[in-house]
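This briefing walks through selected features of one protein model, grouped by topic. Please keep the sequence and the coordinates open while reading.

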Amino acid sequence: MRIGDLELVPLSDGTAMLPREFYVDLDWSTHSELLAPDGRIHMPIGCYLVRSADRTVLLDAGLGARTTAWGYGGELPAQLASAGCAPGDIDLVVCTHLHLDHAGWLMHEGEPYFPNATVRFGGGDWKMFVTDADPADHIRVAMEALDAAGRLEPMDDDMVALAPGITARATPGHTTGHYCLVLASGDERAFLLGDAVECPLQLTEPDFYALSDVDPDLARRTRETVWREVEGTTDLVAAAHFPELQFGRVLTGEGKRWFTPT
């Protein structure tokens, strides 16, 4: 997909398989279609590659080459190769937040997996995922190693310009330091929302939320702000866990919003 002069490639590192309790306050009697045959919520672990004339940016770094009780990763290297990109080609990695399924490939086998990349992330996540984390936690170890190597650049402001046409926007609630990316080139725009939105259904049923939201009320307000901005426009919207990493637009009709895949 192209956004003006920017090339945008969705990539999946694997699959998260979560219990239905992960969507808090969702009426499952009317939404059984969200469940896989095993009774769990299956969702991709999404990343996005953005290429301009002189910059290669990776949004989110997957789960890594590991299997957990709730999902598996390890597919990102092959996905990057299919897109014609090697880890060393990436100039910048932007982590929407520091949950394991968004930062798992930052370090691999004790070394930075993206050897030439600077890592940007929300400074508001540092306390929860580094300072207060177990010393052996993978994300803490990775972030401390990258920090010692001078490879980290935390973000604390809103609308942080990362590269021409690529802006990081503060979208707190899922975590304190959560950011999304806004891509803009020519008259085209796309929002890559990370986990600010977990599921397209949150458009029409805004009161259910993800169990991993650290501040559900703030996360709900953040979603509403995004929806107001993009509804009825041609702006594309995608997120880390939308089914098949599909892009869509937010339409308004009869006083309600809905998500239509493109």
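Lysine 127, with a relative accessibility of 53%, counts as exposed, where exposed stands for over 50% relative accessible area, buried for under 20%, and partly exposed for what lies in between (1.4 Å probe, protein chains only). Lysine 127 forms a salt bridge with aspartate 132, and the closest N and O atoms of the two are 2.6 Å apart; a salt bridge here is a side-chain nitrogen of Lys or Arg within 4 Å of a carboxyl oxygen of Asp or Glu. Aspartate 132 itself is partly exposed, at a relative accessible area of 49%.

The model is a predicted one, in which local features need pLDDT of at least 70 and side-chain atom pairs count only at pLDDT 80 or more, while totals for chains, interfaces and linings use all residues. Residues are numbered from 1 along each chain as its sequence is written, and side-chain values use heavy atoms, with hydrogens and water left out.

**Further salt bridges**

- A search of the whole structure finds eleven salt bridges, and one of them joins the side chains of glutamate 144 and arginine 140 at 3.0 Å, N to O.
- Both glutamate 144 and arginine 140 belong to helix α4 (residues 138–148), where they sit four residues apart, about one turn of the helix; helices (H or I, at least four residues) and strands (E, at least two) are DSSP runs numbered from the N terminus.
- Within this pair, glutamate 144 counts as partly exposed at 34% relative accessibility, whereas arginine 140 counts as buried at 17%.
- Glutamate 229 and arginine 189 form another salt bridge, with their closest N and O atoms 3.1 Å apart; this pair links distant parts of the chain, since glutamate 229 lies in helix α5 (residues 216–230) and arginine 189 in strand β16 (residues 188–192), 40 residues apart.
- Glutamate 229 is partly exposed at 28% relative accessibility, and arginine 189 is likewise partly exposed at 27%; through salt bridges that share partners, Arg169, Arg189, Glu229 and Asp235 are joined into one network.

**The largest pocket**

- The largest pocket has a volume of about 260 Å³, a volume being the space filled by probe spheres set on grid points that are joined across faces, edges and corners.
- On a 1 Å grid over the protein atoms alone, a pocket is an open set of points where a 1.4 Å probe fits, with protein on both sides within 12 Å along at least five of seven lines, and lining residues have an atom within 4 Å of a point.
- Its lining consists of 16 residues, and Leu34, Cys199, Pro200, Leu201 and Pro243 are those that lie nearest the centre of the pocket.
- Strands β4 (41–51) and β20 (256–261) each supply at least two residues of this lining, and the largest share, three residues, comes from β4.
- By residue type, the lining divides into ten nonpolar, four polar and two charged residues, where Ala, Val, Leu, Ile, Met, Phe, Trp, Tyr, Cys and Pro count as nonpolar, Asp, Glu, Lys and Arg as charged, and the others, Gly among them, as polar.

- Valine 50 has its place in strand β4 and is buried, with a relative accessible area of 0%.
- Not counting residues up to four places away in sequence, valine 50 touches Glu7, Leu8, Arg55, Thr56, Val57, Ile166, Leu183 and Leu192, contact meaning heavy atoms within 4.5 Å.
- The C-alpha atoms of valine 50 and isoleucine 3 are separated by 9.6 Å, although the two residues are 47 residues apart along the chain.
- Serine 185, in strand β15 (residues 179–185), counts as buried at 11% relative accessibility, and with residues up to four places away in sequence set aside it touches Ile3, Gly4, Asp5 and Leu6.
- The side chain of serine 185 also reaches the backbone nitrogen of aspartate 5 at 2.7 Å.

- Most residues other than glycine have a negative phi.
- Aspartate 60 has a positive phi of about 75 degrees although it is not a glycine; aspartate 60 is placed in the loop between β5 (56–59) and β6 (67–68) and is buried, with a relative accessible area of 2%.
- Leucine 245 also has a positive phi, near 50 degrees; this leucine is found in the loop between β18 (236–238) and β19 (248–253) and counts as buried at 6% relative accessibility.

Technical notes: Polar contact = N/O pair within 3.5 Å; in protein donor to acceptor, adjacent residues only side chain to side chain.
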